[in-house]
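Visitor: I am new to this structure and would be grateful for a close look at one part. Please take me through the cavities.

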Amino acid sequence: MYLLGFSWGAGSSAYQTEGAWDKDGKGLSIWDVFSHKKGKIQQNDTGDSSCEGYHKVKDDVSLIKELKLNHYRFSISWPRLIPTGIKYHINEKGIQYYDELIDHLLESKITPIVTLYHWDLPQVLQEKYGGWQNISMVNHFNEFANLCFERFGKRVKYWMTFNNPWSVAVEGYETGEHAPGLRLKGTGAYRAAHHIIKAHAKVWHSYDTQWRGKQKGLVGISLSGDWGEPVDISNQKDIEAAERYVQFYLGWFATPIFHGDYPQVMKDFIGRKSNQQGLGTSRLPTFSSQEKSYIKGTCDFLGIGHFTTRYITQKNNPSVRSSSSYFTDRDLAELVDPRWPDPGSEWLYSVPWGFRRLLNFVKSQYGNPMIYVTENGVSEKMLCTELCDDWRIQYYKDYINEMLKAIKDGVNVKGYTAWSLLDKFEWDEGYSERFGLYYVDFRNKNKPRYPKASVQFYKRVISSNGFPNQREVENWRRKAVETCSSSNQLLAADPLTSHMEMVTEIVVPTVCTLSILLSAVFLMFLLRRRN
């Protein structure tokens with residue numbers, strides 16, 4: 001399948017890769033403070049030095065060139081540019097760093113795709129205002145975005161306001177697993193999301209009125225979404241629960257941006273439960289009619305981050321105020337098939353067919369917008385990582401293939417971003433999980449990078465602009481693993497594929513597969529998600 005004008009890339013984010021947490025005038029971010037608190041991160045890891053990307057611009061751009069990427073997605077650290085988050089002091093050394101990165105990419109004919117907010121809020125704004133719980137963030141974020149447009153907009157033509165705001169809201173302000181670590185159950189996530197959506201719209205309008213005419217760029221947002229498949233496709237309640245799962249996840253943000261308001265199912269469920277709890281108003285905030293028309297249509301392209309799928313079934317949760325939360329508001333249970341491969345993160349199962357279904361859902365729900373896949377990839381969770389990452393090659397092959405099928409279905413996908421370029425700091429999991437195409441030796445202070453076998457495979461996908469035929473693709477895979485010779489391997493580890501059953505076909509659940517699911521109920525649990 002030949003894709004005209006399709007863009008292949010890889011991604012990263014500032015806090016996960018830059019390091020230099022206190023260098024050259026950078027201010028504190030909420031993640032600097034959160035990761036320095038004992039017990040918040042696996043093995044008390046921090047992103048203080050991470051991949052030292054701040055000091056390795058030329059090295060990393062040469063890796064990007066080596067991969068022959070068309071684009072590179074990265075984020076700008078707000079506190080690196082504006083240490084206090086409030087625009088009376090600009091850190092020119094921070095500007096210089098991103099200038100250098102953008103210039104090196106463009107010299108190498110690589111398109112920069114830039115995220116403005118990938119979770120690293122300036123700590124001052126958290127302490128002074130309560131972060132995304134406060135409406136004042138809308139104006140502060142708009143000032144930061146305008147600084148970026150002013151300084152970088154002549155060279156950057158693709159902007160994303162936020163990366164995965166679901167995680168910012170739910171894990172930052174509801175479960176407390178992520179910075180700033182607040183547990184405001186039942187209200188915190190909804191309030192944070194409300195302000196994030198308003199901030200996104202304000203930045204889009206700022207670009208539209210002040211910068212678009214001269215810079216000719218595009219502004220979108222990157223939303224994450226797992227697919228939800230009904231456990232029993234003949235059961236109307238399961239069908240509705242699966243739809244609700246996706247609406248409470250992707251739809252929470254996409255529906256206001258494309259249609260002007262929250263999904264009706266969120267308004268109905270949260271409103272009803274709030275009423276049953278004796279509250280005068282819904283815990284889900286409301287948009288005024290002016291706000292609805294202001295927010296609607298504020299998306300030049302939609303970024304989609306996708307990793308995995310869940311089976312969903314109806315589950316009634318009691319409407320008790322003390323136990324109300326985003327999760328109980330949905331009245332559903334998430335299940336996994338124990339046969340799905342799960343090489344790394346506990347939440348990340350390889351379920352390729354869900355990707356095509358999610359992309360088609362976006363097409364039908366939001367008027368077939370221009371889509372860039374902004375995150376897709378798989379981790380491994382091993383003390384010793386081997387460079388022969390056969391399971392990652394399998395994951396990319398299967399997921400890219402489902403994306404290509406979606407394009408054949410008529411979904412308007414214009415680009416694909418492998419997640420991620422490098423192994424990096426994985427939030428509350430620290431360095432215990434690795435998503436990179438390139439292995440990073442975090443024990444060495446120079447943080448050297450080594451290509452995994454998946455680098456060779458992904459290079460061939462890019463140079464062929466997709467998959468030519470099954471035999472050729474199998475050949476790529478064999479060659480990629482062969483090049484990963486023993487001299488090129490780090491500390492030995494059991495090949496993961498030897499104890500991992502690759503699922504080649506998923507049968508739609510029947511009574512038989514349902515009984516398997518139920519008999520394996522001890523393996524099925526509610527799972528957290530990541531970026």
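Guide: A cavity is a set of points, on a 1 Å grid over the protein atoms alone, where a 1.4 Å probe fits but cannot get out. This is a predicted model, in which local features need pLDDT of at least 70 and side-chain atom pairs count only at pLDDT 80 or more, while totals for chains, interfaces and linings use all residues. Residues are numbered from 1 along each chain as its sequence is written, and side-chain values use heavy atoms, without hydrogens and water.

Across the whole structure, five cavities of 30 Å³ or more are found, a volume being the space filled by probe spheres set on the points, which are joined across faces, edges and corners. At least two lining residues come from each of α1 (14-17), α3 (57-67), β2 (71-75) and α5 (92-107); helices (H or I, at least four residues) and strands (E, at least two) are DSSP runs numbered from the N terminus. The greatest contribution is that of β2, with three residues. Seven residues of this lining are nonpolar, five polar and three charged; Asp, Glu, Lys and Arg count as charged, Ala, Val, Leu, Ile, Met, Phe, Trp, Tyr, Cys and Pro as nonpolar, and the others, Gly among them, as polar.

The second largest cavity holds about 60 Å³ of space. Around this second cavity stand A14, Y15, E18, G19, W21, K26, D32, G47, S77, R80 and D120. By class, five of these lining residues are charged, three are polar and three are nonpolar.

How values were computed. On a 1 Å grid over the protein atoms alone, a cavity is a set of points where a 1.4 Å probe fits but cannot get out, and a pocket is an open set with protein on both sides within 12 Å along at least five of seven lines; lining residues have an atom within 4 Å of a point.
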